[in-house]
Amino acid sequence: MESVARGIAVYFVLLIVLRLSGRRTVGQMTPFDFVLLLIIAETTQQALLGDDFSIVNATLLILTLFSVDIVLSHFKQWSPKLALVLDGTPTVLIADGEIDDHALRRARVSIDDILVAAREQQGLARLEEIKFAVLEADGGISIIPRRDTA
């Protein structure tokens, strides 16, 4: 039973930490982010398993974590407010060609991040070609190009 409680506690701690760290953390992984993820995974593994490294304990933890995730996904479907709290909302970074510096700082997204997304998604090379850039709730950046640029 201790393993189940540990699993639920660690799940919610990680959920809160990742939610507070911002969408950029999960949406655009840099080598630094990857190293941080590996360290968190190792720390989490120790917190979850404690001294019991048995297959039964590991299986119980896996089932617990998936169960918590499934239950939360059902709660999010029933309560849009809970979904907003857990998943966040999209953030407009560029609106009608105007850069929102405050939104960029708050989301910890750079112009270079937007240009990378613009090149990858739309083949755009310049900021002037972007009409809207939106940081989605999943951490990805959506680009809507201007149609009036040549």
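Reader: Which exposed residues does the face of α3 turned away from its buried side carry?

Author: In this predicted model, that face of α3 carries P31 and F32. Exposed is the word for a relative accessible area over 50%.

Reader: And which residues of α3 are the buried ones?

Author: They are D33, T44, L48 and L49. To be called buried, a residue must have under 20% relative accessible area.

Reader: How do you know that the buried residues of α3 line one face of the helix?

Author: Look down the axis of α3: the buried residues fall within an arc of 110 degrees, so they line one face.

Reader: What makes the span of α3 agree with what a helix of 19 residues should have?

Author: Helix α3 runs over residues 31-49, and at 1.5 Å a residue it should span 27 Å. Its end C-alpha atoms are 27 Å apart, so the two values agree. After α3 comes G50, with a positive phi near 60 degrees.

Reader: Why is L20 called exposed?

Author: The cut-off is over 50%, and L20 has 72% relative accessibility, so L20 counts as exposed. You will find L20 in helix α1, residues 2-21. Together with I8, F12 and I16, L20 forms a nonpolar surface patch of about 380 Å² accessible area.

Conventions: Residues numbered from 1 in each chain as written. Predicted model: local features only at pLDDT ≥ 70, side-chain atom pairs only at ≥ 80, totals over all residues. Heavy atoms only, no water. Patch = residues over 30% accessible without salt bridge, like charges linked within 9 Å, V, L, I, M, F, W, Y side chains within 5 Å. Areas by Shrake-Rupley, 256 points an atom, 1.4 Å probe, with all protein chains shown as cover. Salt bridge = Lys/Arg side-chain N within 4 Å of Asp/Glu carboxyl O. Helix = DSSP H or I, 4+ residues; strand = E, 2+ residues; numbered from the N terminus. Buried < 20%, exposed > 50% of the residue type's maximum accessible area, 1.4 Å probe, protein only. Expected span 1.5 Å × (residues − 1). Arc of directions from axis to C-beta.
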